[in-house]
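Please read the following briefing alongside the sequence and the 3D view. It begins with a question about surface and then goes through the topics one by one.

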Amino acid sequence: MIVCVSVVGHQNNPLYIQSFTDADDALKLHHVVHCSSTSSKSESGTTLNEAFLGLLYPTLNYKVYGYLTNTKVKFILVTTDLDVRDTDVRNFFRKFHAAYVDAVSNPFHVPGKKITSRTFAQTVSNIVGSYGLN
Amino acid sequence: MEPDVSIETPSIIRIAVLPIGTIPPPLLRDYHSMLLRHHTIALSAISSFYTEHQKSPFTNQPWESGSLRFKFVLGGSPPSPWEDFQSNRKILAVIGLCHCPSSPDLVSVTESFNVACRSYSSALVRRCFAFCPGDSQLEDGDKKGENLILFPPSDKQTQEFHLQTMMQDIAASLLMEFEKWVLKAESAGTILKTPLDSQASLNSEEVIKAKKRRLGRAQKTIGDYSLLAGSPVDANAHYSTALELARLTGDYFWYAGALEGSVCALLVDRMGQRDVALEDEVRYRYTNVILHYRKSFIQEIAQRVSPLSFELEATLKLARFLCRRELAKEVVELLTNAADGAKSLIDAKLGYQRKAAFFCRQVAQLYLQQDNRLAAISAMQVLFMTTDAYRIQSRASVSKVSVNNETGTRQPDAGKMHHHSIVSLFESQWSSLQMVVLREILLSAVRAGDPLAAWSAAARLLRWHYPLITPSGQNGLASSLANSADRLPSGTRCADPALPFVRLFSFPLHSSQVDIVKRNPAREDWWTGSAPSGPFIYTPFSKGDANESSKQELIWVVGEPVQVLVELANPCCFDVDIPPNSAKVITLSGIPTAVGPVTIPGCTVHCFGVITEHVFRDVDNLLLGAAQGLVFSDPFRSCGSAKLRHVFVPNISVVPPLPLLVANVVGGDGAIILYEGEIREVCINFANAGTVPIEQAHVSLSGKNQDAVISIADEALQSALPLKPGAQVTLPVTLKAWHVGPVDSDNAVGGGRNAGETQEDQKTELALHCLFTMQVQIWPVSNNGDPQEKESVVPPGRRLVVPLQICVLQGLSFVKARLLSMEIPAHVGDNLRDEDIETESNTDRLVKINPFRGSWGLRFLELELSNPTDVVFEISVFVQLEKSAKEDDSSPVQDSPEYEYPKTRIDRDYSARVLIPLEHFKLPVLDGSFFTKDPPPGTPSSSRHPSFSEKNTKAEINGLIKNLISKIKVRWQSGRNSSGELDIKDAIQTALQTTVMDVLLPDPLTFGFRLVRNGSETKAQSPLSKGSVLSHEVTPMEVLVRNNTSEAIKLNLSVTCRDVAGQNCAEGADATVLWAGALSGISMEVAPLQEARHCFSLYFLVPGEYTMVAAAVIEDANNVLRARARTASPNEPIFCRGPPFHVRVTGGEM
């Protein structure tokens, strides 16, 4: 089960962060996302062929996966599933990337600012809902 | 990466030591130290336990000299992904330690041991040592399986012996397991992988290659096991095969691994024998190892996995091997390389710092769960480690060097943000996390009793996150700030500023209008060119564009107070000396004490009981961030202050003391109120308030209405020079108030700088304010008289601007002026000669009315003045007379050139008239020169008088008028003890313009009557007979005609006599006057400027008042006369009429 998704800007600033749990652990998830977003310095040096960063960070209760767009915006996925298939996560990130592109293509969106679009939020929760079903 | 590696590490067997059940820690330590003694078991000692008698793969096992070596890992370790690559990384055995009295149930002990072993799948041997079993336990101990070994209670020596035996058993078991494994691997083969290997499927070509590779890797692993089994010769053989295969298949990583193993085998084989050849061999091989590890670096997956740690380990191993004094340089080089590599390894770790922060915070939370002071201190210290990662670090922890660098580079690129600041701004979007951590620091600091840390955390929380904190939360923070401050000694400094936000507002250019002037030593008048051209200190034209102004410099002088304006904002809901949600500008002042450049990076604020430094740059960055939308809110804007504006920061330099002159106007610095035309002397006091004597001073005026200053007693200033410090000099300045015109009053008021401040005077809109400045340039006495030094370093001069604010009130206001004429008929008397009368009248009044001559055509200039002020004015008119202009005037007044009329008093709010007689301004000769305006063209007269048209007579007449006007002075004296002159020249000129001819020019002919007494004209006359005529008597009279022109005039004279009713009484049937001689049609010619007389006699029948009037028609009038008479056509007769003369006829007394 996905508990949190987040968009992190290229300065490691949070652009969108949404948790999908009933419990009051948003802050904990913020912390997890925060420590999963990497310092920009270590990434700028290397070139990656793949957007999918793989498993970033296994903690006791969560697994954190990352995805880096070509504009250095990172998507972060926090899940409680212990057995995760790479393909599921890749699929999820592909859909999430498409939704993100739609959201920032909005002419009223200011790049680098927080994403406030309700449509984006709806799309994201749909993607999260459909994760792991197929 | 394991830091304690050595070259021999591959030959050491790892055994996990796990406590099973509960063991008191001291006992666990005891058991562990017992185990440690058995880290090496000789092969010779285990032969009794070695039960395998199949053919051993380790054919060259040195049973006599070899040994197995162990490394006990207390608590175990997680499986390494590199286990396949280096078999020594595997946990090959597990030893459980159990304390039977603490864990009475051996069944559960066995179970928990099995569970614990499950995570060590690589373990080949498992044993659980149970110490101190009870009797019952001993009894059923054997049933619990072979892995549980009970150590019956006994003395220490026995127990150790028992343990040694058990270790030998384990060693033998391991050896047998190794043999089994190697046999299996040789026959069936094995698949060995490392994280470096790609997970992608292979194509057919690669399958063949992969097969060979697999063989090579298997050989390498067998070599590893041989080494662990204590058989270096076997190991070496396998490694050689592995090296061959790895080289063929390009499997550099495994090649390096095999090479490393072979070196280890070599060393184990030699068993501590070291010589130079061995050392060289090891060095050579290890250099190769490092090279191949480096070769195996795969860029694509470097993010995820990298052989870098193996390269570093190899470097460390070599360094450790070589570590001797003789080789220090080599070792240092190796270690330096290793350190560099290690750094990049750390950098490559994703989110290393943040992960550390994450765990630190979890540790801190655990500490905070304990409610005691020591735990809180620990929590605080752990949390401090996270502050860098969350970008909430205290300013104190930011290194001083970087702060200095940033302040240093501030000037050139003010307005740009530094990378560091930008990152901070972006990080501030994690504000929820930052707030949580800060709050935890605050909580732990409060619990730990560290008031400064608590203050600092609360300050950071409040300053950077106030928009997200509720008013009650803000109040809570404010009270925790106050509480912390109570526990701190007064005067404590904290690196982190709290409230308010402070930004630069402006730099006042110079206090007290004292300007510094660069002196040009080459010029005498060194101040010229440096003075502002306009009336104001700031002129928009003298400033260039923005680029130029950015280079502007501000000069401060040592010892003179300076000011900086800063704006404070308090966006929070409580009072910080500034009301909530408000901003204000305050002035900071100080006195420079040393010469040199000055930068103002921030200011010190004492707030909430603690002194903090507020750096302007931080606030500027915050505001820029707010402008770019990175930060929540701009504290100044939310307080209603103006938008972010660029405050220009000048380069400030402090110069040595300069002379300082202070001026004040005696009688107050307010506006000097003057009535129009008032003349007043104002004294200005100059005092040298500096510490340097003043050698030169020059006074000049600038601004509007400079001409109001009539004189400046400059010599008073010059004579006082050099002005010693503290000395004073008074400079009198004479002012004359100018005329308030209706037009320029607006301009002047608008231009007056302080006009707004004295608006109350302007209620009638009659007041005029103006500010003009007096400038005094001064410069100090040079320190020594050496002229060369003077040239090289010229101390700057200074300009002192003394604003003289003059408020001119309208005093008397001029209403209108007009010319009045008055006619007083003359009496016909004996004499017309003025000299006689002159002797009789000693009056020095201007208008002397000769009753016998009359004052026909007397003109008065009437000035109507009103007094709108609240004081009384007294007006006196002075008229200057010039003797030269009145050659033939009958009243020469040489000894009194001015006539003063009685004073006219005008009360407030009244108007009054002043009369100025103009009679005496008649010209003696009617000259053609006055009529050049329109000489009739073609008239013969113009040819007769060639000079007639040439004269520029208009200018002359204007000059005459001016001359006339300048003679009239209207002086006033107000009830306020002030006096002045009324400027009414324009008014008089307007009034005169239309009637100037009549006023100035004499008539061409003047007429006079007189009685002709029988006998001598000069006989003495009695006053009685004077001027009186008896009736019924023949009265001989004569009429005198005077030609006032410069040409002879032919005329036709006639005389009429009228009675009081105005009837002509000399003609007609009922004439009351009989006459003899001719009364009409008398033709005569009068020479120029001469008189002609015509005699006749009258006989009055009835006594009474009669009027004699002479009139003449001029014949052959020339142009001059025509122009004077204003005739329309040249044919029109010119008629001259004399003034009436009264004749009093008394009745005959006979």
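How much accessible surface does chain A have, and what share of it belongs to carbon and sulfur atoms? The accessible surface of chain A comes to about 6,800 Å², with 53% belonging to carbon and sulfur atoms, where areas come from the Shrake-Rupley method with a 1.4 Å probe and, for residues, only the protein chains shown count as cover. This is a predicted model, in which local features need pLDDT of at least 70 and side-chain atom pairs count only at pLDDT 80 or more, while totals for chains, interfaces and linings use all residues. Residues are numbered from 1 along each chain as its sequence is written, chains are lettered from A and ligands numbered from 1 in the order in which they are written, and side-chain values use heavy atoms, with hydrogens and water left out.

**Confidence in chain A**
- The mean pLDDT (the predictor's confidence in each residue, from 0 to 100) of chain A is 76, and 78% of its residues reach 70 or more.
- Within chain A, confidence is lowest in helix α2 (residues 40–44), at a mean of 41, and highest in helix α4 (residues 118–130), at 86.
- Over residues 39–47 of chain A the pLDDT is below 50, and this stretch has ten contacts in the model beyond near neighbours in sequence, a contact being heavy atoms within 4.5 Å.

**Elements and fold**
- Chain A has four helices and five strands, which run β-β-α-α-β-β-β-α-α from the N terminus on; helices (H or I, at least four residues) and strands (E, at least two) are DSSP runs, numbered from the N terminus.
- Chain B holds 30 helices and 43 strands.

**Burial and cysteines**
- Buried residues (under 20% relative accessible area, 1.4 Å probe, protein chains only) make up 48% of the 134 residues in chain A and 48% of the 1150 residues in chain B.
- Cys4(A) is buried, with a relative accessible area of 1%, and Cys264(B) is buried at 0%.
- A search of the whole structure finds zero disulfides over all chains, a disulfide being a pair of cysteine sulfur atoms within 2.5 Å.

**Surface of chain B**
- The accessible surface of chain B comes to about 56,200 Å², and 53% of this belongs to carbon and sulfur atoms.

Definitions and conventions: Buried < 20%, exposed > 50% of the residue type's maximum accessible area, 1.4 Å probe, protein only.
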